[in-house]
Each structure stands twice: as structure tokens, then as C-alpha cells.
Amino acid sequence: MLQKEETALQLLTVTKPMFIPFIVAGDPRPDITIELALALQEAGADILELGVPYSDPLADGPIIQRAAKRALRQQMTLKKAIELVPEMRKKGVKIPIILFTYYNPVLQLGEESFFALARKNEVNGILIPDLPFEESELIRKLGEATGIPLISLVAPTSKKRIEMIASNAQGFLYCVSSLGVTGVRDTLPETLNDFLTEVKRHSRVPVVVGFGISTSEQVSMLKNYCDGVVIGSALVQKIEQLNDLLQTEEKKEEALAEFRRYARSLTAPLR
Amino acid sequence: MYNVPNENGRFGDFGGKFVPETLMRPLEEIEEELAKALADEEFKAEYVRILQEYSGRPTPLTFASNLTKKLNGAKIYLKREDLNHTGAHKINNAIGQALLAKRMGKKKIIAETGAGQHGVAAATVAAHFGMECIVFMGEEDIKRQELNVFRMKLLGAKVVPAYSGNRTLKDATNEAIRYWVQHCDDHFYMIGSVVGPHPYPKMVREFQRIIGDEAKQQFLEREGKLPDVIVACVGGGSNAIGMFYPFLEDNVTLVGVEAAGKGIDTPHHAATITKGTKGVIHGSLTYLLQDEHGQIIEPYSISAGLDYPGVGPEHAYLASIGRVRYESVTDEEAIWAFQLLSREEGIIPAIESAHALAKAVQLAKTLRSDQTVLVCLSGRGDKDVQTMMNVAKGGNGIAVANRN
């Protein structure tokens, strides 16, 4: 059995702020998800967050909801998303892969079967946005037993909860930048730096920030206050724009190149 | 002794708080303030005073004499929540939550609504207390319940359509929660049923138990004993829990009635306890209509208020321990009961309540004339007149029969 210290995420040595992109498994097609993951790796991604599409995602804004809908039309499921991981490995994706899923699909697969499947397919971590600390004991234990850390989130409203969540964090700690669901935001709150500083004070694992980060200016502003940035909706919106090209055999390479360029430009301040 | 939920908001396996971290502290704040409010005699007196002076409580207990005579079975009594201000039991909860919001210093209310009754109640109390109100409503329900949408707007509320899913109550609830995640610092989310994360199922029960408390007293005065059977419709289940809760430790048969839509053996129903499996929806663990991969299945009912894929976690618990029997009634049976009550008693019920009534009629026929059935008539049918006109035109494939 792997000890938690030995997991890929626990071994994270952060020498520069990490770029953690999020894409939805199956959007716009399962095979293209793999190519998008490769493009992100080439663009410098350090960890990939692979979203499992869900019919009723409470923490997601319209962009990711639409992506989930496209992926569900491709018959994507939690099980198939997990099985996409070894396919990605075969095609050359080497960075750690975190599965981002809502709790209900995990419950239906069965918590133990979920972890067995995730371990077999070498998933490196999981993130369940609607499973707060108080409800997560079983998942945490199963995660520890299988060496798959459960990534915790802290929000600007967490206040007194920060210490409790941070002291139990595994892998890395995910800070929600501002109140709200995922999505592109023009401005981030002025108090964000203070919040990140506070979280870092309590955390023994790398602290990353996400939700609403969509410009290189924002990345530039944040890089000194955290160990990494998560970018989701901005990339998913780009995929949506490139949807037709990505699904046209002769235009696909061009679309992937544009996606790669876009990801690089967003995260240039990290390099 | 019946004592749920526990401190984690669990009713046995059910309930809990399955929400994004952003909402955890706001939920704790509501929990803390609710505990103080429920222990505060002044708060409770204010709640009762507003219910009496503004909403018209206590609502009467009506003996349905014509119906009883016609059925030749048990005596049927109606608890007249339809006679509340705004036309349904929803106002009880809206007044309670608005008072709590006021206590917490919140001046902006968010609500979700299916049939529009909770939306109207929320808009009404917001106007009464001088608060802003945003109501999320599925686009399909906006079409089905045009009258209630207009009422909400007259009352000064903003009605925001939900375009996802089937564009009904489930989707309106998703949108309301997403909006709350974004605005939880200054908005109070007024949930309309005994659903959602802890402490909502408990809170809504506390504000709806007045139905059962009053009914118990009225029934004892009228009959000198408790009813043999109590029947209430269950979508999320707030009128039902309000009615059942004070009777849970009594020797009374309790029957919750879900919407069987076009039949529970078809894909077109909203019979969550009858056909659902354990899962998480809108922040709590309960029974749920879902596929094997955990994707939520869109429910169906002719009644916008019952058209919900989940059910309150306390109902899931009561079903699991066998204390309440959950059965279902089709659109057709509910429409028949709707017409029956209208013609026999001069009371036009909400289609939701007609589901409970249809089951009560079935049960009453099997009981003796010295036995009694109490039905929670959760709301009045003004809002459903258009739906019934469509039915009369054959729009639902259901013929309107003259049963006389």
C-alpha cells in the first residue's frame, strides 16, 4: 500500500508557481480531451484537473455547465472519465491528474469501488466540490488507504474554518478566489492577497488559487501570493470556441496549436 | 423518542450538508441564529402574531360532509391551508424565514419556486418586511404558472428564469443555490420546502409544524380523538412534514402521496421515494430519481409543485423506518379528485393537494364510517385553472369525465 507521503501530489516540490488547468472529460469528445490534455502539458501545465460532467453542478458557472452538457451527450460517465487517465498516459501525458467530480456520481459508483478504480487507473488525486470537510471522513480515509489524496477547498467565507481545513489538507490546498461559482471574472477581490496569505500561514501543503482567473494580468498579480493558479472556465470557453475546428480532422492540429498558444499566453507570468 | 436531525443535520443516513465550501459558514450562521430564535419566546410570539394578523391563522378544519356521504366510508376532514393568505401553506415558512433573515440583518431574499406558491409567499413577505426579493423559476414553470409569475411581479419581486434541464423546480433550485454562492454575504436564501442542506429541512419543519399542531387540537375538539389516517402530498414535502410531525409518536396512520405522473411504470413521474435511490441533491442526502451513473433524471408531473426529483431527507428517513407510508397518485387520478372536491364541496384545490385527496378518497372507501381521514389541503387551485383548462381541451390526453 502506498503511504500518503509517497503519492505524486504529496511529493510536489514547488519551485515556481504551478499552472493547473481544468478541462471537462469528454468535451467536446473523449479522444479530443486527451489531445487537449497533451496540449496543456506542452503549454507548461504542472497538474491537470479533469472534470467529470454532472447534470446538476452547484459550484459551476454557465461555461462549465455547457461543457458538462456537451460531454454528457458523449455518454461520458465517472467510470469512463477515470478510464481516460491511462489512455492519456499512453499518449504521453505525464503530469499528475486530479479528478474533479461531484459527490453523487461517486456515491452511485460506490465509494470503495471508486477508489479501487481510481487507484487501478493511477488517478493522482480527487476533488469533490460539494463534499465539505464535515462530510468527508470516509472519503478521506479511503483516500489515505489508496494513496489518492482528497484536495480540500477553502473559501473567503471559511474564516474560522481555514485552520481546521488547512491543517488536514492533503496534496495541495485549493483557495476559492471569491464568492461565486466557477467562471470568468473581470476583477478579483482586493482582499484576495490577504486571504491567500492567511491560508498560507496555516497550510503545510502548497496553496493554489482558482475560480475566475482568466487573464495573464490576474495570474501576474497572484503569482507572488500562492503556489499555483487553477484556470478552468477561460480554457473551457476557448475549447467551446474551437469546438467545430477541433472536430474537423484537417483543422484539428491548427485548433490545438491555438489552444496551446492561448494557455501559454495566459500563464506566461508564471514562467 | 423521535429526535432527529442530529447535530450534523442527519435524519438517520439522510440529510447533511453537501454544498460548496463557500456556503458552509453561511449555513452555520443560519443554524446558530435558528437555535437562538427557536429558544426565544419573543421570536415565537412574533411569528404567531404575524400568522394570525397577516395570514389568517388558525386555518379551519372542514368536515367534507358531501364527499363523506358520497363515498360511504370514513369521514373526511380537510385542514384548510388553502385559506392562508397567498393561498397555500408556503406562507407559514416564508414568514418564519423572513423573521429569521431580519434577525440576521439580511435585507435581500433569494427563493426558488415550482408552482409559484413559494415564490408568491417569498415575494409577499419581502414586501411586508421591506426586503428585496429575487425568485428563480424554471422557464417551463413560468409558462405553466403565468398567474403566479404576475403576482410575484406585482408584489415587487424579480423573477429570474432558469433555462437548464427541464426548466422546472430542480433547475430553479440549482440557479438559486448558484446565485447564493455568489451573494451569500448579504442575501438570505429562503428555501421553500423541507429540502436542501442542514439546517433547512429542520428549519422548514419547525415553521410548518403549525399545520399539524393546529390540526391536532382542532381534531380533538371536533371528534374527541385523533384521526385514523392523515394524508398529505409530497413533492419536497413541507406541507406533509408540517402535518405529520406532531403526530409521529401517536397511533395514526400517516400517508405521503407522491406524483405518479403518467404512471410509475413509465419514465414520466416524480415518485421519488417509490422509485428513487439514495443520492445527493441540492445539498442533502435523500432519495432521488437518478440513473446508474448518478446523473439526475428529470421528473414529470402535471403539478409544477410536485415536479421534483428529490424529496426532503426527513421523508426519506420516515420511509426507511416505516413510520410513514408513501404511495403515489397519477395525473389522471389527481385531476379526477380536483373536480370531485370542486363539485362536491365547492372547494377548488391545488393540483398538488388533489393528489392527497385522490389517495384519501381511495382509503376512505376501505374504512368504516366511524373512522376518520384527515387531508392536508395544502393550497387552493386558482393557479391551476389554466392547467385544468388545457386538460378540459384534451391537452394532456386526459378526458375530463363527468363523474356525477
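How many residues of chain A are in contact with residues of chain B? In this predicted model, 33 residues of chain A are in contact (heavy atoms within 4.5 Å) with 35 residues of chain B. Local features need pLDDT of at least 70, side-chain atom pairs count only at pLDDT 80 or more, and totals for chains, interfaces and linings use all residues; side-chain values use heavy atoms, with hydrogens and water left out. Residues are numbered from 1 along each chain as its sequence is written, while chains are lettered from A and ligands numbered from 1 in the order in which they are written.

**The interface**

- The size of an interface is often given as the accessible area lost when the parts come together.
- Chain A and chain B bury about 2,700 Å² between them (accessible area for a 1.4 Å probe, lost on being put together and summed over both).
- Carbon and sulfur atoms hold 53% of that buried area.
- In chain A, the residues that lose the most area to chain B are Asp56(A), Leu58(A) and Glu135(A), together 23% of what that side buries.

**Charged pairs**

- Side chains of opposite charge can pair when their charged atoms come close.
- A salt bridge here is a side-chain nitrogen of Lys or Arg within 4 Å of a carboxyl oxygen of Asp or Glu.
- The structure holds 56 salt bridges over all chains, and 4 are found across the interface of chain A and chain B.
- Asp56(A) and Lys170(B) meet in a salt bridge, 3.0 Å from N to O.
- Within chain B, Glu33(B) forms a salt bridge with Lys36(B), with the closest N and O atoms 3.8 Å apart.
- Glu33(B) and Lys36(B) are separated by about one helical turn, because they are 3 residues apart in helix H1 (residues 24-38) of chain B.

**The largest pocket**

- Rolling a probe the size of a water molecule over the atoms shows where empty space is left.
- A pocket is an open set of points on a 1 Å grid over the protein atoms alone, where a 1.4 Å probe fits, with protein on both sides within 12 Å along at least five of seven lines.
- About 620 Å³ of space lies in the largest pocket, a volume being the space filled by probe spheres set on the points, which are joined across faces, edges and corners.
- The largest pocket is lined by 34 residues (an atom within 4 Å of a point).
- Closest to its centre are Pro57(A), Gln65(A), Arg66(A), Ser164(B) and Arg178(B).

Conventions:
Buried area is the accessible area (1.4 Å probe) that two parts lose on being put together, summed over both. Helices (H or I, at least four residues) and strands (E, at least two) are DSSP runs, numbered from the N terminus.
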